[in-house]
Amino acid sequence: MRKLILLALVGLGAQLVDGSLGMAYGVTSTTLLLAIGTNPAAASATVHLAEIGTTLVSGVSHWKFGNVDWKVVLKIGVPGAVGAFAGATFLSSLSTETAAPIMSLILLALGLYVFIRFTTMGLPKGRLGLPLRKRFLAPLGVVAGFVDSTGGGGWGPVGTPAILASGRLEPRKTIGSIDTSEFLVAVAASLGFLFGLGSENIDFGWVAALLIGGVIAAPIAAWLVRHIPPRVLGAAVGGVIILTNTRTLLRSDWIDAADGVRYSIYAVIYVVWAAALAYSIREYRRNAEEDRRIIAEAEARAAAAERGDERELDPA
């Protein structure tokens, strides 16, 4: 019983972070399951089954708060489901340890870009509101879905920074669209795992515990992302990406840093992150009116795109 309560609390905390920052549910939950001795495939299957419910509630919550761009959801979600099913069915038994540091380097670069861009300049102004193309979102979805199913998490860490870095979608809609499209990924990955593993290795009590915690947190997270200033949200997301992938690199066979070195680097990241958030909050307050104008213009662009004016808005 104590373990189920712990899992429910983990599900609640993971979904609160995932729903407000666009990542971390799968990574957090899978890490705990591995720590208590669950084999990797069963851990990923358990998390993805729970995510069917949490992402559904999260998607509905984000939609009700106006955080979802449905065109982005379809353009990235369907390819993501294909990648997730393939990864779960054919490749989940293969080790991704070799690929993890390479992926972390890419994500770290994206995280640094997002972190510096939003902290120093706030909302990207030149391309915000322009439509995201299928030729960008489809490959991104396949890769993110594959990484998510084989690594027990990765849809948000891959998709969120890539879309933020494009500068075309404001942070709250990036997070809402990624969270909503993850429902398709979770369903496809779960079907792949059930097809490849069967259900005997999955503890459905654990699935239910993670699901309950996540369902409770999903509406709260969707409300939070609606009210957190975009500049602050971008700096927060960038910090999470940097910290997560720095940790992966330092613990990888490439570096294998000693505990003292790792903790010292983490401390520096936390200090810089806190300072960046404080600066972002101060600058947001000073430029709040301009940020509201930029968001209004982005919404106008999105409305024009809905009417079929995409070529006029983005000749390239």
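Which residues in H10 meet which residues in H11? Hold that thought until point 4; here are my notes in order.

1. First, a word on what you're looking at. This is a predicted model, so keep an eye on the confidence scores. The mean pLDDT of the protein is 78, and 77% of its residues reach 70 or more. Confidence is highest in helix H11 (residues 259–286), with a mean of 93, and lowest in helix H13 (residues 310–313), with a mean of 46. Over residues 310–316 the pLDDT stays under 50, and the model has 13 contacts for that stretch beyond four places in sequence.

2. Now the overall picture. Of its 316 residues, 53% count as buried. Take the contacts with a separation of 6 or more: residues 24 or more positions apart account for 84% of them.

3. Have a look at helix H9 (residues 204–227). With 24 residues at 1.5 Å a residue, H9 should span 34 Å, and its end C-alpha atoms are 35 Å apart, which agrees. H9 also bends by about 30 degrees at Ala218, with a proline, Pro219, following within four residues. Ala218 itself is buried. Other buried residues in H9 include Trp206, Val207, Leu210, Gly213, Gly214 and Val225.

4. Back to the opening question. Two packed helices are described by the angle between their axes and the distance between the axes. For helix H10 (residues 230–251) and H11, the axes come within 9 Å and cross at roughly 170 degrees. Angles over 145 degrees count as roughly antiparallel, and therefore H10 and H11 are roughly antiparallel to each other. On the H10 side, the residues that meet H11 are Arg231, Val232, Ala235, Ala236, Gly239, Val240, Ile242, Leu243, Thr246, Arg247, Leu250 and Arg251. Their partners in H11 are Arg262, Ile265, Tyr266, Ile269, Tyr270, Trp273, Leu277, Tyr279, Ser280, Ile281, Glu283 and Tyr284.

5. Finally, pick out one residue and follow it. Ile52 lies in helix H3 (residues 40–64). Is Ile52 buried, exposed or partly exposed? Buried means under 20% relative accessible area and exposed means over 50%, so Ile52, at 25%, counts as partly exposed. Leaving aside neighbours within four places in sequence, Ile52 is in contact with Phe183, Ala186, Val187 and Ser190.

Notes. Residues numbered from 1 in each chain as written. Predicted model: local features only at pLDDT ≥ 70, side-chain atom pairs only at ≥ 80, totals over all residues. Heavy atoms only, no water. Helix = DSSP H or I, 4+ residues; strand = E, 2+ residues; numbered from the N terminus. Expected span 1.5 Å × (residues − 1). Bend = angle between axes of the 7 residues up to and from the residue. Buried < 20%, exposed > 50% of the residue type's maximum accessible area, 1.4 Å probe, protein only. pLDDT = per-residue confidence, 0-100. Contact = heavy atoms within 4.5 Å. Axes fitted to C-alpha atoms, helices over the stretch in contact; angles between N-to-C directions. Parallel < 35°, antiparallel > 145°, perpendicular 65-115°, else oblique.
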